Amino acid sequence: MILASTFLQDQSFLDVLYIVAFALFIQGLRGLSGPTTAVRGNRIAAVGMVIAIVATLLNKSEGNWGLIVLGVALGVAVGVPAARQVKMTAMPQMVALFNGVGGGAVFLISWSEFRLTHGYSGVATYVTVFSLFAAIVGSVSFWGSNIAFGKLQEIIPGRPISLGSAQQIVNLVLLILAIAAGVDIAAGDHSQGVFIGLLVCAALLGNAVVLPIGGADMPVVISLLNAFTGLSAASTGIALNNTALIVAGMIVGASGTILTNLMAVAMNRSIPAIVAGGFGGAGAVAGAEGAGEHAGTVKSVGAADAAIQLAYASRVVIVPGYGMAVAQAQHAVRELTKELEQRGVEVSYAIHPVAGRMPGHMNVLLAEADVPYDQLKEMDEANPEFQRTDVSLVIGANDVTNPAAKNTPSSPIYGMPILEVNESRSVIVIKRSMNPGFAGIENELYYEPETSMLFGDAKSAVSEITAELAEL
Amino acid sequence: MILASTLTTNLAILVLAGFIGFVVISKVPNTLHTPLMSGTNAIHGIVLLGGLLVVGLSGNGAFSKVILVIAIAFGTINIVGGFLVTDRMLEMFKSRPKPAAKDDAGEHRDDEGGAP
C-alpha cells in the first residue's frame, strides 16, 4: 500500500503517463484526418485526456479533494447538457464559448499562482514571465470569445461596433498598459492591484478587438482565439513545469494558426485586416453604391414553376448556405433530393469552403440530414461542372455565389473564390428577401437574366417545391 | 543552472510540439475542419491540470480557492463539452459512408440488401 502510494507519487511515473497522454492526443488528431477514422480519433484524444487527469490526481494526492470534486461537478453539470442540446446550426458559437472558458481557466490559474506566491516572490523570472503571458492572452481569449459568442447568438448586434479611427490607438494603448503592468510585476512589484489592472486591460482589449469585427469574419476570429488559448495553456505549462500542458497547448496553438489561415484564404481576407476590423462597415458603403448601379430587374418565381424547372432538368446542383441552416431546412432539402432522384435527375451539392460560416460546417449539417457523402462536392470539384448543370438551386447562400468576386475589382469581396453558379443554364435562388448577405453587399447574381428568385423561408419553400413535384 | 536547464528542456518540447501540430493537422480535409476545431478546442481544456496542481498546493486562501474552483469548472466544461460536441458532429460522418463505401463496382442497385 505504502509502496503503491510512493510509486504513484513518483515524478517519472507521472511523466510516463503524460507521454502516453500526449501520444494519444497526436494519434487522435491524426485520426481526425479522415471521415471514417475521425470518431475514433476524437475518442483516442479523450482517453488521453482522462489518463492525464487521473495521473495528475493520483500523483498529487495531497490535493484538496473537496474543491476538485466541486469544480469538476460544476463543470460537468454545465458542459454536458450544453454539448448534448446545442443545435448543429449553433455550433460555431458553442465552440466560441468552450474556447472562452478555457481561456478563463488559464487567467484564473495565473491569478491564483500570483496570490499563492505573494506576487511571484521567490520564483524564477521566466516562470513569472510565462505566467503573466498566460494571464494576458487567457483573458483576451476569454472576453474575445464571449463577444464572438454574443455576436453569433445575436445577443450583441453582428455589425461592427467600433470607435472608428481611434479604435486601433485604443487597442494599442490597452496592449501597452497590459504589458507595462506585466513588466512592473516581473520587475518585483508584488501588489495585487497591478495584477488586477493587467487582467482588466487584457479584458478590455479582448472586447475592443472583437467588437469591431463583422459577423462574417467571426469564424476566423474564433479560430484565432482558439490558437491563443492553446498558446496560453502551453505558457501555463512552462510556468508550472508541466509537459502535458506544454505539448497539448502548443499543438492546439499550431493547429489553430493553420485553420485560421485556411479560413482567411478561403474568404480572401488577411488576418491583420480582420483583426484591424471594420469589414462590414466598408462593405456596407460599397453595397450602397452597388445598389445604385443595379437598374436591372429581378425575376420572381413561384414554387410550382420552380418544381417544373427542376423536374425536367437532367442535372441539378444544390448550393446550400447559412440561410438553409438557420431555417433548419436540411431535412426538407434531403426530401427534395430524394424526390428528384426518383425522377432520374442527377443531384449533387456544391459546398463552398466557408459555407455556413465555418469550414466544414455545412458538411456537418448535411450529414445530420443523411445526405450521402459522395454527393457533396468541394468547390474545386463543383465549379467545372456548373457549365453542364441545368439548374443550380441556391438555398440561403449569398456572398459565396456573387459573381462580383470575379468581375468587379472595386467590390470588397473581389478575389474571393466563389461557386460559379452563374455558369449554369438557369439558377433558382431561395431567399427571404433582397437584403444583402453577411458581407453587406449586393449580389449581382440576382439580376442576371437566367436567375429567378423564389422568396420565402428556406424550409417552407423547399417543402412547397417537393409537394409540387409529387403532383407533377 | 538547474532552472535554466528546465526552461531550455521545456522550450525544446514547446518547439517540437509546434512542429508536430503543423504536420499532423495540415493533413486534415476541409470537410472535417469544424470537428477539428472543436476537437483541438477540447484538447486545450488540459489547462484543467494546472488548476488541479495549484489547488493541491498548500497556502491557498479562501478567495484563491474560489478562483481555483471556477478555473477547474471552466477547464472541465472545456474538456467535457468539447469532446462531446465533437463526438456528436463526427457520429454523423460515420453513419453516412455505409451505403456508398462498399460500392466500388458502380451503382447497379441501390437496395439496401445488396451484399458485397
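This is a predicted model: local features need pLDDT of at least 70, side-chain atom pairs count only at pLDDT 80 or more; totals for chains, interfaces and linings use all residues.
## A tour of chain A

Six residues from domain 1 of chain A and five residues from domain 2 of chain A make up the contact. On the domain 1 side of that contact, α2(A) supplies the largest share, five residues. By type, this side of domain 1 of chain A holds five nonpolar residues, no polar ones and one charged.

Next, select residues 11–31 of chain A, which are helix α2. At 1.5 Å a residue, its 21 residues should span 30 Å, and the end C-alpha atoms are 30 Å apart, which agrees. Show the side chains of the buried residues in α2(A), among them Leu14(A), Tyr18(A), Phe22(A), Phe25(A) and Leu29(A).

Now move to the sheet. Six strands of chain A form an open, parallel sheet in the order β3-β2-β1-β4-β5-β6. Its edges are β3 (376–378) and β6 (451–455) of chain A; each has a single partner strand, so one side of each is left without a neighbour in the sheet. On average, neighbouring strands of this sheet are turned by 25° against each other, direction ignored.

Within the sheet, select β4 (residues 391–395) and β5 (residues 426–431) of chain A, which pair in the parallel sense over five bridges. Val391(A) has Ser426(A) in β5(A) as its bridge partner.

Finish with residues 458–471 of chain A, helix α19. This helix lies across β4, β5 and β6 of chain A and runs at about 130° to β5(A).

Terms used
Residues are numbered from 1 along each chain as its sequence is written. Chains are lettered from A and ligands numbered from 1 in the order in which they are written. Helices (H or I, at least four residues) and strands (E, at least two) are DSSP runs, numbered from the N terminus. The expected span of a helix is 1.5 Å times one less than its number of residues. A residue is buried if 20 or more other C-beta atoms lie within 10 Å of its own, exposed if 12 or fewer, and partly exposed in between; C-beta atoms are placed from the backbone. Two residues are in contact if their C-beta atoms, placed from the backbone, lie within 7 Å. Ala, Val, Leu, Ile, Met, Phe, Trp, Tyr, Cys and Pro count as nonpolar, Asp, Glu, Lys and Arg as charged, and the others, Gly among them, as polar. Two strands pair if DSSP finds at least two bridges between them. Axes are lines fitted to C-alpha atoms, for helices over the stretch in contact, and angles run from 0 to 180 degrees between N-to-C directions.
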